[in-house]
Amino acid sequence: MTIDKSWTTIRRRGSSNEFWNGLQHFLQMAKPFVNDRGFIKCPCRRCLNNASHQLEDLESHIFRNGFMFGYNQWIHHGEPATDNAGTTVAGPSGGIHERDEMFDVLDDIISEDADEDAVGGPSSNNQYDDLFAALRSELYPGVSSFSSLNFLVKLMHLKVLNKWTNKSFDELLKLLKLAFPKINLVESHYEAKKLMMKMGLGYSSIHVCKNDYALFWKENSLKDTCPVCSESRWKLQSGKRSGKNVPHKVLRYFPVGPRLKRLFATSKTAKLMRWHSTRKSKDNDVMRHPVDGKSWQEFDKRHRQFAGDVRNVRLGLAADGFNPFGNMSLSYSMWHVVLTTYNLPPWICMKAEYLMLSLLIPGPQSPGKDMDVFLSPLIDELKELWVHGLDTRDAAYENGVFRMRAALLWTVNDFPARSSLSGWSGQGYRACPTCNEDTPSMRVIKKTAYFSHRHFLATTHHWWSNLQFDGRTERKRPPRRFNTTEYLNNFVV
């Protein structure tokens, strides 16, 4: 007899008779399989069959948290296990490693969808099947301290820390399988990467024009030539495309929204995301966090609706170039764009684990004035987060779902990077972003020199009349302050 399991995917549990009736049928089915103490494994999205409770507690757990993803055969609750051919097989004795830390990781991942019943719209749970299969699989027969997934995650972490190449990782997997024939591991780095992407650790590869004029993205995604310069998207050999399509450049984009949602998926970080609203400095002369600064306060005054929910995210952006090969004799510049979350306390927001890599811009030259082309995916997502936001589960409050919005407050960069990000040249006679058109400069031995720094002092200061600077007294007034309209008029659209 086929068991109806469609009720497990219903999101609006509180108003669904179908969910309630399905849950009661499940509990009746599981009742004969409690142990001698009256306990049975709990398949809610929190316990994941890892914890056991009494039958009446299962009802409240599943109703409150929802039915776990990926548990399609109820082998712990009375349904016979079957293989792919439909043959009944023996169920597992333990099924899940009791102390595997990956349970908490997967709990964080699937809990982001746990309260979508407040928003509506069911989502497929097939994406978690491979993860649960790897989590339930022993690394080696008789080894219960490591699941296959746990070992693979740690192995990938070592690869990153020690800068192993993909080829060396493949060779290591082959060696492990040769030395331990029964080991339960993926065959290659490619398969490992596909599994990691299901945990939210993936990125998007976007092809770039050879001359950095455009991205093959959105409306250009299917084109074979650049819409601006008509250069081929692919590398050519003797004027012809090779057997395998190889793009000239690839931009790696790491979506921001899912990682911001992840910060609210655990109660600990969800509470820290409110730190800025409760721990402001009481001394007006002390600034220990950007929330104490005038820019933050002015932003709150202008955007009161955004500031009304303290969970809305304030971001800072940093960009710079680096040589990925570590060889200073080789001229190669790859740029990375990193976001930091200023909702967090100052001793956390600048830690490496809380910095979010959003873009890896390919070399060999720096993007320069074409930086806006590479920033397009990030800008589009930031606009979406600002205007519409994302429905996000807040683990600090039970069953709390809110519309998370995000704003980019400022950028952090050196002077050359500021030129690329802002479009205002950092060289020449008008290089100063403060003085703008009134930048005092002159040519000195094939170099541009900047002077008249004294005009920022009070006119009564004795340096104004000092002749030791350039043989003249200072008569120039401080530079004008330009408004937004005057700044925008300088840009050619």
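Predicted model: local features only at pLDDT ≥ 70, side-chain atom pairs only at ≥ 80, totals over all residues.
Which exposed residues does the face of α1 turned away from its buried side carry? That face carries N17, N21 and Q28.

1. Overall composition. The protein chain contains 16 helices and 19 strands. It has 493 residues, of which 41% count as buried. Among contacts between residues at least 6 apart in sequence, 54% join residues at least 24 apart. The chain exposes about 28800 Å², and carbon and sulfur atoms supply 53% of that area.

2. Helix α1. The buried residues of α1 are F19, G22, L23, F26, L27, M29 and A30. Because they cover an arc of only 160° around the axis, they lie on the same side of α1. An α-helix has 3.6 residues a turn, so residues three or four places apart point the same way. The buried residues of α1 pack against β1 (39–41) and α2 (55–65), while N17, N21 and Q28 are exposed on the face turned away.

3. The seven-stranded sheet. An open sheet of mixed pairing is formed by seven strands in the order β8-β7-β11-β14-β13-β12-β17. The edges are held by β8 (215–216) and β17 (406–412); each has a single partner strand, so one side of each is left without a neighbour in the sheet. Strands of a sheet pair through backbone hydrogen bonds, either parallel or antiparallel. Both senses are found here, as the next two points set out.

4. β17 pairs with β12 (residues 313–322) in the parallel sense, over six bridges. Within this pairing, V313 has A406 of β17 as its bridge partner.

5. β7 pairs with β8 in the antiparallel sense over two bridges, and V208 has L215 of β8 as its bridge partner. The two strands form a hairpin with six residues between them, and D212 in the turn has a positive phi of about 65°. β7 also pairs with β11 in the antiparallel sense, over five bridges; here S205 stands opposite R252 in β11.

6. Helix α15 (residues 415–422) lies across β12, β13 and β17 and runs at about 115° to β12.

7. M371 lies in helix α14 and S420 in helix α15. Why does M371 count as buried? Its relative accessible area is 0%, and buried means under 20%. S420, at 14% relative accessibility, also counts as buried. Residues up to four places away in sequence aside, M371 touches W335, I361, S420 and L421. With the corresponding neighbours left out, S420 is in contact with W335, G368 and M371. M371 and I361 are ten residues apart in sequence, and their C-alpha atoms are 9.1 Å apart.

8. H388 is found in the loop between α14 and β15 (390–394). The relative accessible area of H388 is 44%, so this residue is partly exposed. H388 and R403 are 15 residues apart in sequence and 8.2 Å apart in space, C-alpha to C-alpha.

9. Backbone geometry to check. Most residues other than glycine have a negative phi, and most peptide bonds are trans. A cis peptide bond, with omega about 5°, joins G363 and P364; P364 is in the loop between β14 and α14. S230, which is not a glycine, has a positive phi near 65°. It is found in the loop between β8 and β9 (236–237) and, at 56% relative accessibility, counts as exposed. I445 has a positive phi of about 50° although it is not a glycine. The place of I445 is in the loop between β18 (441–444) and β19 (447–450), and I445 is exposed, with a relative accessible area of 76%.

Methods. Residues numbered from 1 in each chain as written. Heavy atoms only, no water. Helix = DSSP H or I, 4+ residues; strand = E, 2+ residues; numbered from the N terminus. Buried < 20%, exposed > 50% of the residue type's maximum accessible area, 1.4 Å probe, protein only. Contact = heavy atoms within 4.5 Å. Areas by Shrake-Rupley, 256 points an atom, 1.4 Å probe, with all protein chains shown as cover. Arc of directions from axis to C-beta. Pairing = 2+ DSSP bridges. Axes fitted to C-alpha atoms, helices over the stretch in contact; angles between N-to-C directions.
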